[in-house]
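Open your viewer and get the selection tool ready. We will go from stop to stop, with something to select at each one.

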Amino acid sequence: MPTALPETAAALPSVPREGLDGLMTRLDRINHYEEKEWLKRDFGMARPLLYVRSRADYALLSALTELDPAEIWGRTLHRYTYRLLAPNEAATQEGEDDDMPFPFLDDRWLTLYTMGQNQQCHRKICPDHWRADHTLILPWALRYVTACPTHKALLVDRCVCGETLRFDPRIGTCDTCGVDVGTLEAPSIADDPDSLALVSLVWAALGHGDADDGPGVPDLAGGDLLALPDGHPLEGVTTAAFFRFATVLVNLLGARDRRNPFFAPTTEVADARPIRAFHQANNASVHAALLCVWRLIAGWPATWETLLLHVAAVEQRRTDPDYFPYALLELLPGPDFAWLWRAVGLVTYAHLGRAPGVFRWLKFYHHVRRTLAPTLPRFRTLDQVGRVLGVSRAMLDRHVAAGELAVRRGRWGATARPVTLVDEESMERLTRLRAAQMNFTEAAAYLGVGRVALVELVKDGILPCSRRDATVKTPWLFEKGAVDDTLAEMIGHLPVRAQSKRMAMPGLTLTDTLASLRAAGVGIPAVLRLAHSGEVAAHRLQDSIQLSGLRFDAASVEAFLARHAPKEGATRYTSTEVCRLLRCTQVTLRLWAEAGLLAPLNTPDPATHRAGASDAPAAGTAYYDATDIDLFKERYMGAEEAAEILGCHPTTLHAWVHAGKLDAALVRGGGKGDVFLFDRERLIALAAERVTGAEAARLLGVDVKTIGNWVARGFIVPIGDPTAKGRRYLRDDVLRLANRVRRHAC
Ligand SMILES: [Zn+2]
Ligand SMILES: [Zn+2]
């Protein structure tokens, strides 16, 4: 914190005014208010000296005073306002007159930093200075100069009569009430260290902080830095930047959040009130507002959090899209204010997930992080993460619960909806993980096979999958790399034969081959093994290793089937042959064997084992007694055949079994994968006992709908499935009813 006032500022010369004729003397006396009227009147100059800016103006004054034009420039307000401009603004001012060594300023800049718009010019004086020798110091005209460093008092811009202070320096009394301006009272700031620090700041900003900054040609290099403790995030901010920031912040809050407690009237400055705009405010209000901004910077970070959280709360009530941080960003652009964005970004970071209107602040935070503070962590809302990952909310919650997504949760007040923010890095990690993994549906699509085939591949151990045990409810996850490796191992060595457009290469797709071989009990794992071993000739269409590009030689498939056709008069069959005879799969066959319905022989034939099918169980080829197979075929049948006998759909059959209306010899599994075996005799007996609605209608010689009506009226009672489609009727009942109908008809 700056403590001592700059010596140059305190030692500003105060010389007596000697009358209007001594121009040379007046100009020699630095830092006097320039008189508009005498310049106009006596020298025909269009503008008062403090506005002088053309080469002709300087040439005339130079001739009159024999002063160097640069020295004259140093005696105008140009010198001070130039320092308050942002570097990019200052750059645009140069080069207006190439042979002049100093920049010229637009009137716009002068009015901005001095009297304000609409020529709302009023004087500010230090009554003590005035009493001493009628001194008026030029920088007092600047808006930021609010106090006299010599007398440690606020400048006075208001007369005791209540009017804005206007007076003729030649007379020295209030234009309105005639009070001697030397008798006005200036509020002391001697006991307020913040006010003294502010005075010190403004003089430093105006170039009086440097010892070598003598009168005349000014130092154009820029202001001193704010005196802040080491490690303060706002270190390196120039005093001039501080005043530019103060202007924008005060104007912005004045326009958008006038009741911000941060800018409430302060008790120590009696005449201060919350200000709407700098150029309309009185001196005491400007002083109070500048004090607030100074305390804001000096009181980091607590003061910033207070301010920004209040702004955030106000922003949430507003629907204005042009909200506070972006308005600041637009008003204070460029590297000169990098410190500001970093500061706002840090405060926002501390309150992410807690501040209201978090999504817009998050957007602002992203902007700051990207441009200024790349080391700050990145955040996304849960919805954004859901969109990026392409997963549902429930799945997101699961990822969060599993710790795969790092989140930050917060709630603003008791009633507000809690906000969840996701650390973007954890999201990216999860994205990479998910990209390398496939779920069940994705894997089926990737391989180009059906769901049943995929399950077969996993159960067979060909395809590595997270769900090794079918009884445990874990998600099906496939590592893409492992799937690719498996494919490469199974079919990668197969020759590539591009398909010619003219001559269609004879070849069966995997689906067609499966359809042909399934009857022989060969599922997809076995088909792949056959292709791998070369027992069934296959090739690939493209160099890429995909199941969709796999083609099987039709003749080779036929030959395989012929090889495994059950031999006439054989006394035993291989499991493949049994599958062909019984029209079942190897899996089903194993189930029957486990259930003891069809026992394999325990002695594998070594002679045939050599040429045994590669799709046989790993334990070795199982053989079945031919007589056993014949008996089994006679006694049992599968669901499809049973459904045919009963004249219903296999699904209906399943339903009946589960409902206990139909006995099955074997029920295996717990749902869709049930395997039934039905006893032929019992089924035939059942078929004889029961008739379908259609048969009943035929027996009765009526429409099927009529049967429905009769059921509703209680003429006939159906058995079995209560839905109309599944109804069955006892043949006896139907025949009895038929007799009654015939009697009525007669
Ligand atoms: Zn003074
Ligand atoms: Zn007055």
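Which residues in α11 meet which residues in α14? Select Val 248, Leu 252 and Arg 256 in α11, then Phe 324, Ala 327, Leu 328 and Leu 331 in α14: these residues meet one another, where contact is defined as C-beta atoms, placed from the backbone, lying within 7 Å. By class, this contact of α11 with α14 has 6 nonpolar, no polar and 1 charged residues. For these classes, Ala, Val, Leu, Ile, Met, Phe, Trp, Tyr, Cys and Pro count as nonpolar, Asp, Glu, Lys and Arg as charged, and the others, Gly among them, as polar.

Before moving on, a word on what is on screen. This is a predicted model, in which local features need pLDDT of at least 70 and side-chain atom pairs count only at pLDDT 80 or more, while totals for chains, interfaces and linings use all residues. Residues are numbered from 1 along each chain as its sequence is written, and chains are lettered from A and ligands numbered from 1 in the order in which they are written.

**The whole chain**

Zoom out for a moment. The chain has 35 helices and 17 strands; these are DSSP runs numbered from the N terminus, with helices being H or I of at least four residues and strands E of at least two. Of its 746 residues, 34% count as buried. A residue is buried if 20 or more other C-beta atoms lie within 10 Å of its own, exposed if 12 or fewer, and partly exposed in between, with C-beta atoms placed from the backbone. Among contacts between residues at least 6 apart in sequence, 61% join residues at least 24 apart.

**Two helix pairs**

Two packed helices are described by the angle between their axes and the distance between the axes. Return to α11 (residues 239-256) and α14 (residues 324-331): they pack at an angle of about 140 degrees, with their axes 11 Å apart. Axes here are lines fitted to C-alpha atoms, for helices over the stretch in contact, and angles run from 0 to 180 degrees between N-to-C directions. The two helices are therefore oblique to each other; angles under 35 degrees count as roughly parallel, over 145 as roughly antiparallel, 65 to 115 as roughly perpendicular and the rest as oblique. The crossing of α11 and α14 is right-handed, a term used if the near helix is turned clockwise from the far one by less than a right angle, with anticlockwise being left-handed.

Next, select α17 (residues 382-389) and α19 (residues 424-435). Their axes come within 11 Å and cross at roughly 20 degrees, and α17 and α19 are therefore roughly parallel to each other. This crossing is right-handed. Show Val 385, Val 388 and Leu 389 in α17, which meet Met 427, Leu 430, Thr 431 and Arg 434 in α19. The class count for this contact is 5 nonpolar, 1 polar and 1 charged residues.

Stay on Arg 434 in α19. Is Arg 434 buried or partly exposed? Arg 434 is partly exposed, with 17 other C-beta atoms within 10 Å.

**A buried proline**

Go to the loop between α27 (586-595) and α28 (606-610), where you will find Pro 600. Pro 600 is buried, with 22 other C-beta atoms within 10 Å. Leaving aside neighbours within four places in sequence, Pro 600 is in contact with Ala 593, Ala 622, Tyr 623 and Tyr 624.

**Backbone stops**

Most residues other than glycine have a negative phi, and most peptide bonds are trans. Keep that in mind at the next two stops. In the loop between α12 (283-298) and α13 (302-317), select Pro 301; the peptide bond from Trp 300 to Pro 301 is cis, with omega near -5 degrees. Then select Lys 152, in the loop between β1 (147-148) and β2 (153-154). Phi of Lys 152 is near 50 degrees, a positive value in a residue other than glycine, and Lys 152 is partly exposed, with 19 other C-beta atoms within 10 Å.

**Last stop**

Finish at α33 (residues 693-700), where Gly 693, Ala 696 and Leu 700 are buried. Seen down the axis of α33, its buried residues fall within an arc of 60 degrees, so they line one face of the helix; the arc is that of the directions from the helix axis to the C-beta atoms. After α33 comes Gly 701, whose phi is positive, near 70 degrees.

Terms used
Contact = placed C-beta atoms within 7 Å.
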